[in-house]
Protein chains: 2
Amino acid sequence: MPMSYDVLFASSNRNKFNEAKNILSNYGINLGFFKSRLKEIQAESIKQIAALKVNDAYRQCHKPVIVEDAGLFIESLNGFPGPFSSYVFKTIGNSGILRLVRTNRKAQFQSVVAYCDDKFGVVLFDAKVEGKISKNSRGNGWGYDPVFIPTGQTKTFAMISNKNEISHRYKALKKFSNWFAYR
Amino acid sequence: MPMSYDVLFASSNRNKFNEAKNILSNYGINLGFFKSRLKEIQAESIKQIAALKVNDAYRQCHKPVIVEDAGLFIESLNGFPGPFSSYVFKTIGNSGILRLVRTNRKAQFQSVVAYCDDKFGVVLFDAKVEGKISKNSRGNGWGYDPVFIPTGQTKTFAMISNKNEISHRYKALKKFSNWFAYR
């Protein structure tokens, strides 16, 4: 059976792909997985990282492709872990985050979806969700979801069943899907 | 007065240059400062980062040039902050490190000196110093020096007057100078 998709999603992280695929299927976009390790420039902006990654991905697959880069930015820690969220998660994890955050617990999740094809080049879509770091890790989510409570909620992202209808990733992918439908 | 030097040292960090210049002057190598912002790949090895940076530096200056990349690797934190030591220092600083480290305080400083010229291409020299994270920040040093106690000492790097005779950076630069003298 031949695989059919509208856009590839380049990532080494299948959780992230599954989340994106779910979200975009609601907008009639069929996402294919392009499992890949992409060049990551050590930059202090996730936009820059995403733009360079999608360029690299396009050079590898020569098909319409997106990458998504997200980061958790904690106000009292000068935006840490920010663009290094993935590395920080692998080393100190959520227990490290909980040890670092004290009185001011404000944080935001940012997402950038970067699209590339041969007609438009690189196009970026970004979004964010404000919130705070929880006092304890709660719920079974991946990444920082168990320690992030979005503003107006009492539960962490990991405990919220409709996370994919309110998340930073959802918002950025929705922006992309609107553009993609009418491009 | 014309400037004269044997090798350029590419960095945006003048503290690091001054330390390297002091060390190499003892080996008869006159270091010139090439103040520059170099491309940093988000890699999980400081060797890879240093190799790519010195390539970038050489393309900019077309003269024999070194870069030095160092990292603090904390055992109980899976090597954090490692290759991201500089970013982590700028955001959570030494107070963040002290909050993260608990019972097992073992750590090591690693240094990689990367040299590049048109004859040898890229040549790497690495070294490390074992030690532990102190309970408090002590002494006026830059970077992580006030929280790192080398094995066999009671003082932090920031308090040790002969740090430049025992440090990871010293050891890597000494390896380089031996090679440079007999290349």
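Start where the chains meet: 16 residues of chain A are in contact with 15 residues of chain B, contact meaning that two C-beta atoms, placed from the backbone, lie within 7 Å. Now colour the helices on the A side. Both α3 (85-91) and α4 (93-100) of chain A supply at least two residues each to the side that touches chain B. Sorted by class, that side of chain A has seven nonpolar, five polar and four charged residues. Here Ala, Val, Leu, Ile, Met, Phe, Trp, Tyr, Cys and Pro count as nonpolar, Asp, Glu, Lys and Arg as charged, and the others, Gly among them, as polar.

A word on ground rules before you click further. This is a predicted model, in which local features need pLDDT of at least 70 and side-chain atom pairs count only at pLDDT 80 or more, while totals for chains, interfaces and linings use all residues. Residues are numbered from 1 along each chain as its sequence is written, and chains are lettered from A and ligands numbered from 1 in the order in which they are written. Helices (H or I, at least four residues) and strands (E, at least two) are DSSP runs, numbered from the N terminus.

The same surface serves both copies, with 94% of the contact residues of chain A recurring in chain B.

Now select the strands of chain A. Six of them form an open sheet in the order β2-β1-β3-β4-β5-β6, with mixed pairing; two strands pair if DSSP finds at least two bridges between them. At the edges sit β2 (31-35) and β6 (148-150) of chain A, each pairing on one side only. From one strand to the next the twist averages 40°. Angles like those below run from 0 to 180 degrees between N-to-C directions, with axes fitted as lines to C-alpha atoms, for helices over the stretch in contact.

Helix α5 (residues 168-182) of chain A has 15 residues and reaches 22 Å from its first C-alpha to its last, close to the expected 21 Å; the expected span is 1.5 Å times one less than the number of residues. Its buried residues include A:Tyr170, A:Leu173, A:Phe176 and A:Phe180. Buried means 20 or more other C-beta atoms within 10 Å of a residue's own, exposed means 12 or fewer, and partly exposed is in between, with C-beta atoms placed from the backbone. What do the buried residues of α5(A) pack against? Look for α1 (14-25), β3 (65-74), β4 (106-117) and β5 (121-133) of chain A.

Back in the sheet, zoom on β4(A) and β5(A): 12 bridges join these antiparallel strands, and A:Tyr115 stands opposite A:Val123 in β5(A). Then hop to β1(A), where five of five residues are buried. On one side you'll find A:Val7, A:Phe9 and A:Ser11, on the other A:Leu8 and A:Ala10. Five bridges join β1(A) to β2(A), and these two run parallel; the bridge partner of A:Ser11 in β2(A) is A:Lys35.

Most residues other than glycine have a negative phi, and most peptide bonds are trans. Select A:Pro81, in the loop between β3 and α3 of chain A: the peptide bond from A:Phe80 is cis, with omega near -5°. Over in chain B, a cis bond also joins B:Phe80 and B:Pro81, with omega about -5°. Return to the loop between β3 and α3 of chain A for A:Asn78, whose phi is positive at about 55°. A:Asn78 is partly exposed, with 13 other C-beta atoms within 10 Å. Last stop: A:His62, in the loop between α2 and β3 of chain A, has a positive phi of about 50°. With 11 C-beta neighbours inside 10 Å, A:His62 counts as exposed.
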